[in-house]
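Trainee: I would like to learn how to read the local features of a model. Please show me the structure and start with the terms.

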Amino acid sequence: MTDPTRPTRLPPQATDAGERMQQYPPPETWDDWVEWDQREWPRKVPRRYMLVPTVCFNCESACGLLGWVDKETMQVRKFEGNPAHPGSRGRNCAKGPATINQVNDPDRILYPMKRAGARGEGRWVRVSWEEALKDIGGRIRRALVEGRHDEVMYHVGRPGHDGLMEWILPAWGLDGHNSHTNICSAGARAGYAFWMGFDRPSPDHANANVILLISSHLETGHYFNPHAQRIVEGQMAGAKLIVFDTRLSNTASRADTWISPWPGSEAAILLAIANHLISTNRFDREFVRKWVNWEEYLRAVHPASPLTFEAFVTVLKTLYAKYTFELAARESGVDARILEGIADDVAGCGGKLAAHNWRSAAAGNLGGWQVARCLWFLSVLTGSIGVEGGTSANAWDKWVPRPHKLAPHVKRWNGLTWPAEYPLSYFEMSFLLPHFLKEGRGKLDVYFTRVYNPMWTNPDGFTWLEVLRDESKIGLHVALTPTWSETAWWADYVLPMGHASERHDLMSQETHAGQWIAFRQPVRRVALERMGRKADRTYEANPGQVWEETEFWVDLSWEIDPDGSLGVRHYFESPYRPGERITMDEYFGWMFENSVPGLPEAAAKEGSTPLAYMRKYGAFEIRAGAEAEFQRALSPEEAAAAQIDPRTGILYTTAPAPPPKNIVPTPAPAATELGRPIGVLIDGSPRFGFRTPSRRLEFYSATVAEYGWPEVAIPEYVRSHVHPDSVDRSANEFVLLSTYRLPTLIHTRSANAKWLVEISHSNPTWMHTSDAKRLSVVNGDLVRVSTEIGWFVDKVWVTEGIRPGVIACSHHLGRWRLAEGEGVSRAASALVELNESGGQWDLRQRRGVGPYKSSDPDTERIWWTDAGVHQNLTFPVQPDPVSGSHCWHQKVKVSKADPQDRYGDVHVDTVKSHEVFRRWLSMTRPPTGEWRRPNWMLRPFRPDVQAYRRTPPPK
Ligand code: SF4
C-alpha cells in the first residue's frame, strides 16, 4: 500500500512543472494510490484508487485530466489535473473537474434511441447498437452505390480529436465534412492565413515582453487554461499585458492597459500602431526585408516603382499615413494619447510580441478578418514571428499523427458546404446550410450532427428547426451526442457518445512554444483492463451503453461495406492482422509506434511499448520551445537538386514528396513546370520559407486580389456593419455584443454539469449607466431587444463596465426543452411553449428551473430559477463575403418591455431571415476563373486538385 503522506518524486516528463509535480501522486503509484476517505474523518480509512490519465473534452484546449477510479467499486470518483501533460501541467479550469457531473448526470442519454413518433414529438424507443448500425450503414451504402455521396454529411460541433475524420470520410469517398468554424473562428483564420498560409497563431506568452490580446482571452480564449497560465507567467516576469475588450472582462481587469473600443474599430487602432512603427522607423527592417513579399507587391501594384526595399518603405509610409491616432480615436472612442502609449509599448517589445485574436472582433464584424490580419502585421513589423516570446504559426506547435492507412483525396466537391459564392471562406459555410436546403441546392439523406447543437448555438435557429423537421430535406438525422440538446430532439436516432473519460481520441494543440500529443482514454475500460477484465467495445465499460465515436465509425464502416466490395472496408482493417477489424489498441498503437517522433525511444527507456507509455501518462512532449519552420535551412542535397526561379527565388524539386508523419492541415502551394516548391532563397541562403505562393509572408495577397477583392489585399481597415455611423443612438439603437463566453460554461454540454450551472445560470443584458438612465431602466428591469428578424426579452444589468451605446449578452444561456421530464437537463433549461404560423415563431417560457427528484439527491437542492434567454434565435445569418465568418454583432433597438412581454420571450420571422440571407449573399463575388477556390489555401478534407476546377482546363 502507498503511504499518501510520503514525499513524491518526478515522473520522466516533468517539463517545466517540476515544483507542481510535488502536489500530485507520482505516476509509478497511479495503479494503486491510497488516500484517506475524507467522509470518514477524523478516522483514517484508506481508499484505493487507480489513476488513469485522459483529456478534458469540454473545450478545445485539451487539458490533461486524471480519472480517479475507485478500485472497490470501479466507478470514477473524481477528476483532477494530469501533471504529466505538457500543455496544462496539472491545472484545469472549473470545467475540467466538472466532468464528473457530466458522467453522473441523471438526465444523460444512456442508450441508443430511435424516434417512434413524428419528428420532434419526443417519442423514442430504445434500440441496440447493432440495429442502429445496420439501419444507418445500409442507408449510407445505398447512397454510395447510387452515387449520392453528397447526401451524406457529418457536421461537427466540438471536434475534440485530431485526424480521425480525415481517416473516415475520405475512405467513404465523401466530401461530406461540415464544421462549426464559420460561426467561430473563420474571420481570424482568414486574417492569419492570407499572411502565412497557416490559419492560427501560437503565441509564446510566457517569454514575451508585450502581450496583446483582442478579446477576453485570459478567461475564455482559445486554449484558455494553458494560455492563461502562461500569460500570467509572462506578466509576472515583467511582460506588459494590453487588452482590447469593449467589456470590462476578467481579462481586462488583469491588464496593464485596457481599452474599450467601439466594436469593429480594432483594425483602425492596429493600423495606427503600425503607422507609428513605420513612420518612426521603429520596425524590424531586416526581418521585413527578408521575409515579406514586398517585391511581389511592388511589381503588382506599383509597377513603375524601383524594385528596392527603400522604395517599398516609402510606399508603406504613404499607405498607412492616414491611420493616425486621431483617426483611430474617432473610430474607436479611445483617447489618442492612450493609443499612442500602446503603440510605444509595442514598438519597445524587442521582437517579443505575443499577440492573439481568435473569435471576438474577428467573429463579430463585417471585415473582421482584417483585425487578425492587422494584428499579425504588428507581429511582422516587430520581427516577432517564430521566436522566443513571439508568435508562431499553429502548425509549428502541433502534431497530428498519421494513421496506418489514408484514402487518397476524393474527386468530389460538395457545393452545400463549399458554395461558389465563397471561394476564400475558412471553412465550410456551415451556418448557411438550412438556407441552401430551403433554396433547393441539395438535400441530405443521412445527416450526422456530432456534439453539435446548431438550433441553439447557431444564428437563426428557427430556420434550422424548419429544415430539421422536414423529411424531404433531411432524410435521416443521426445525433451523436453525450447529452440531450435542442437539436437532438429533432433527430431520428440519438446515439449516446462518451464524455472525456469515456472515449479514445488524440489531441494536440498549440498551447505554447512546444509540441505535444495527448491521449483521451475511456478511463473505466482502461482500469478494468488493467485488472484483467477485457472489453470488446468501449460501451461495455461505460455507463449504460454509452459509446465512443472512433469505435462507432470503424463498425459503421464495416456495416457500409461488409464484404469489402465498395473499397471502404480495407481502410478499417488491422495493420497487424490482415483482413480483421482494427481495434483501438491497434489504431492508436500503430500511430504511437510509427508517427510520433521520440515516443518509441521514450517508451523503450521505460521498458514499455509506445501504447503502454501513452496509456500510462496520457501525454507526450515532442518538443519544448519555439521552432520556426520558415527559418529552417534546406540541406545541401535538397538545395543542390532544386531548380530556382530567378524571378521569385523559389526553389523547386521534381522529387516526389514523402508521406508526412504529421498530418496537421497544411497549405499546399501549387507545383509549376519547375516542380514542387520546397524553399526560397533569402539573401542567397536556401530556406524552407512560408507555405504561401510567394514562400514569404504575404503583406500583399495576390490570392485575395485575384479572387475579386484587390482593395483589401493588404492589411486594411474595413468598416463594420455596426460602425457608429450606422447606429442611431437617439433612436435607442445599440450594438449588441453577443459573443462573449463565460469561463464556467461550455456551449451546450455544461447544462449537464450541476456545479457549472449552479455558478452561472443567467445572462442579463449589460447596459451602461448612462444608457440605462436614458431609457429609464434599472437593474432587473425587462427590456425588449429587437434585431432585424425578431426580438428577445431579457433583464438588464446596469454597469460601468461597458461602453455607452453598446450592450452585451453572453450566448451561453437560454437553454430550453419542450417536454416536462425529457430533453435538455432540467437543472439548466426552461420548459417552453413553441408556436409557429407561416414562419412567425414564438417561444415563451412556461417555467424556469426548480428542484426535482432524480437519481442525484442534489437536484432536489436546486435553488436557482433562471435558465437565461436564448438570444441567438433572433440573429439573422450575416456571412462575411470574404472569410465566410458569421458576423455576430447585431445592430439592435432596445426598449422597455411591452406589458405583455415576459422574461425569456423570443419572437422570430424566418421569412425575413431568409431575405437577410439573400441580402448578405448578394455582397459576395463568386470566382470567374478556372478554379472554385485557390488550391494552395488550407481546406480541411482537401479534395483532389481536379475537383477544384469550375471550368474545364484550358486547351
Ligand atoms: S481549459 Fe478547462 S474546459 Fe478547456 S480543456 Fe482545459 S480544463 Fe477542460
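Mentor: Helices (H or I, at least four residues) and strands (E, at least two) are DSSP runs, numbered from the N terminus. With those labels, Phe 427 falls in the loop between strand E14 (391–393) and helix H17 (433–438). Keep in mind that this is a predicted model.

Trainee: Which peptide bond involving Phe 427 is cis?

Mentor: The general idea is that most residues other than glycine have a negative phi, and most peptide bonds are trans. Here, the bond joining Tyr 426 and Phe 427 is cis, with omega about 0°. Another cis bond runs from Trp 41 to Pro 42, where omega is near 10°. Pro 42 sits in the loop between strand E1 (33–36) and strand E2 (46–55).

Trainee: What is the phi of Ala 62?

Mentor: Its phi is near 60°, a positive value in a residue other than glycine. Ala 62 belongs to the loop between E2 and strand E3 (64–70).

Trainee: Next, helix packing. At what angle do the axes of H4 and H21 cross?

Mentor: Two packed helices are described by the angle between their axes and the distance between the axes. For helix H4 (residues 164–172) and helix H21 (residues 549–560), the axes cross at roughly 10° and come within 11 Å. Angles under 35 degrees count as roughly parallel, so H4 is roughly parallel to H21.

Trainee: Which residues make the contact?

Mentor: H4 contributes Leu 164, Met 165, Trp 167, Ile 168 and Trp 172, while H21 contributes Thr 550, Trp 553, Val 554, Leu 556, Ser 557 and Ile 560. These divide into 9 nonpolar, 2 polar and no charged residues.

Trainee: What is the volume of the second largest cavity?

Mentor: It holds about 410 Å³. Among its 26 lining residues, His 180, Ile 183, Thr 457, His 747 and His 811 are the closest to the centre. The classes are 8 nonpolar, 13 polar and 5 charged.

Trainee: And pockets? Which element gives the most to the lining of the second largest pocket?

Mentor: A pocket, by contrast with a cavity, is an open set of points. The second largest pocket has a volume of about 1,000 Å³. Of its 42 lining residues, Glu 296, Thr 648, Ile 650, Pro 693 and Ser 694 lie nearest the centre. The elements giving two or more residues are helix H10 (285–291), helix H11 (294–301), strand E22 (650–653), strand E23 (676–682) and helix H26 (702–706). H11 gives the most, with 5 residues. The lining of this pocket has 20 nonpolar, 9 polar and 13 charged residues.

Conventions. Residues are numbered from 1 along each chain as its sequence is written. This is a predicted model: local features need pLDDT of at least 70, side-chain atom pairs count only at pLDDT 80 or more; totals for chains, interfaces and linings use all residues. Side-chain values use heavy atoms; hydrogens and water are left out. Axes are lines fitted to C-alpha atoms, for helices over the stretch in contact, and angles run from 0 to 180 degrees between N-to-C directions. Angles under 35 degrees count as roughly parallel, over 145 as roughly antiparallel, 65 to 115 as roughly perpendicular and the rest as oblique. Contact means heavy atoms within 4.5 Å. Ala, Val, Leu, Ile, Met, Phe, Trp, Tyr, Cys and Pro count as nonpolar, Asp, Glu, Lys and Arg as charged, and the others, Gly among them, as polar. On a 1 Å grid over the protein atoms alone, a cavity is a set of points where a 1.4 Å probe fits but cannot get out, and a pocket is an open set with protein on both sides within 12 Å along at least five of seven lines; lining residues have an atom within 4 Å of a point. Grid points are joined across faces, edges and corners, and a volume is the space filled by probe spheres set on the points.
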